[in-house]
Amino acid sequence: MEKPMNPEIIIERDEVEAHGLKAPVKHIVTEPDIRLFARIFDTIHEGVVVSDAENNIEFVNPAFSLITGYVPEEVLGKNITAVRLKRE
């Protein structure tokens, strides 16, 4: 049986600075938010790459594949600096 998704994810950062002011940040992301973000990620026309702290690619959206010519399996786990636009 699949474990149900946590209905809330709390994203906390120590603080953010904007316009010279610092403030603690706490944002609650709900399951509907996650579904909306996933739909946006999959349907926007801009190529999106999500990488980890070492710049290794974790996710790409369909527009990335259309723009670059790479299918996700070709780039996932690779360092973003090693990925070049495919030429026809």
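## Order of the elements

Starting from the N terminus, the protein chain runs β-β-α-β-β-α-α. That comes to three helices and four strands, where helices (H or I, at least four residues) and strands (E, at least two) are DSSP runs numbered from the N terminus.

A word on the source: this is a predicted model, so local features need pLDDT of at least 70 and side-chain atom pairs count only at pLDDT 80 or more, while totals for chains, interfaces and linings use all residues. Residues are numbered from 1 along each chain as its sequence is written, and side-chain values use heavy atoms, with hydrogens and water left out.

## Surface and contacts overall

The protein chain has 88 residues, and 12% of them count as buried (under 20% relative accessible area; exposed is over 50%, partly exposed in between, with a 1.4 Å probe and protein chains only). Its accessible surface is about 7,400 Å², with 57% belonging to carbon and sulfur atoms; areas come from the Shrake-Rupley method with a 1.4 Å probe, and for residues only the protein chains shown count as cover.

Now for contacts, meaning heavy atoms within 4.5 Å. Taking those between residues at least 6 apart in sequence, 9% join residues at least 24 apart.

## The largest pocket

The largest pocket holds about 210 Å³ of space. On a 1 Å grid over the protein atoms alone, a pocket is an open set of points where a 1.4 Å probe fits, with protein on both sides within 12 Å along at least five of seven lines. Grid points are joined across faces, edges and corners, and the volume is the space filled by probe spheres set on the points.

Its lining (residues with an atom within 4 Å of a point) is made up of I34, F37, A38, F41, D42, V50 and F59. Helix α1 (residues 31-43) gives the most, with five residues. By type, the lining has six nonpolar residues, no polar ones and one charged; Ala, Val, Leu, Ile, Met, Phe, Trp, Tyr, Cys and Pro count as nonpolar, Asp, Glu, Lys and Arg as charged, and the others, Gly among them, as polar.

V60 sits in strand β4 (residues 57-60) and is buried, at a relative accessible area of 11%. Leaving out residues up to four places away in sequence, V60 touches F41, V48, V49, P72, V75 and L76.

S65 belongs to helix α2 (residues 62-68) and is buried too, at 19%. With that sequence cut-off of four places, S65 touches Y70, V71 and P72. A polar atom of the S65 side chain lies 2.8 Å from the backbone oxygen of Y70.

Note on methods. A polar contact is a pair of N or O atoms within 3.5 Å; within protein, one must be able to donate a hydrogen and the other to accept it, and residues adjacent in sequence count only if both atoms are side-chain atoms.
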